[in-house]
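Please have a look at the structure first, and then I will go through the pairs one at a time.

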Amino acid sequence: QVRLVESGGGLVQVGDSLRLSCAASGRSVSDDAMAWFRQAPGKEREFVATISWTYTTYYADSVKGRFTITRDNAKNTVYLQMRGLKPDDTAVYYCARFSGEYYSSTNYYRPNEYDSWGQGTQVTVSS
């Protein structure tokens with residue numbers, strides 16, 4: 001069983017940057033696709049970005065060009081670099097490991113294809 005711990009959230013101003021980290025323990029995630037999701041108060045959890053074991057990345061349209069997902073397999077850690085933050089980016093950010101049978105462009109954005117969710121890290125963007 002893999003355990004994921006997110007960190008790096010905080011209170012920032014519009015236009016600021018933050019880098020979130022997701023540290024995995026228990027076993028290596030180097031052969032797994034990983035993703036970031038977020039959930040704002042009163043809203044459903046939504047896909048943000050994902051990175052495959054071959055470093056292929058996909059992003060939600062709302063963050064494309066502003067957020068970058070990377071991974072460091074030596075550290076068993078996945079990162080989310082966020083730039084140009086907006087108030088709409090305010091949410092709890094979660095990382096997760098893809099556990100579905102097939103990872104593809106038709107399912108990488110579905111929360112139910114992931115397991116091993118972390119506890120989340122709060123990002124608040126103040127205007």
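By a salt bridge I mean a side-chain nitrogen of Lys or Arg that lies within 4 Å of a carboxyl oxygen of Asp or Glu. What we are looking at is a predicted model, and with that rule the count in it comes to seven salt bridges.

Let me begin with R27 and D32, whose side chains meet in a salt bridge at 3.1 Å, N to O. D32 has a relative accessibility of 10% and counts as buried, because the cut-off for that word is under 20%, whereas R27, with a relative accessible area of 33%, is partly exposed.

The next pair is R38 and E46, where the salt bridge is 2.6 Å from N to O. Here R38 counts as buried at 5% relative accessibility, while E46, at 35%, counts as partly exposed.

Finally, I would like to turn to R66 and D89, which form a salt bridge at 2.8 Å, N to O. Where in the chain do R66 and D89 sit? R66 is in the loop between β6 (57-59) and β7 (67-72), and D89 is in the loop between β8 (77-82) and β9 (91-98), so that the pair, 23 residues apart, links distant parts of the chain. As for accessibility, both R66 and D89 are buried.

Methods: Residues are numbered from 1 along each chain as its sequence is written. This is a predicted model: local features need pLDDT of at least 70, side-chain atom pairs count only at pLDDT 80 or more; totals for chains, interfaces and linings use all residues. Side-chain values use heavy atoms; hydrogens and water are left out. Buried means under 20% relative accessible area, exposed over 50%, partly exposed in between (1.4 Å probe, protein chains only). Helices (H or I, at least four residues) and strands (E, at least two) are DSSP runs, numbered from the N terminus.
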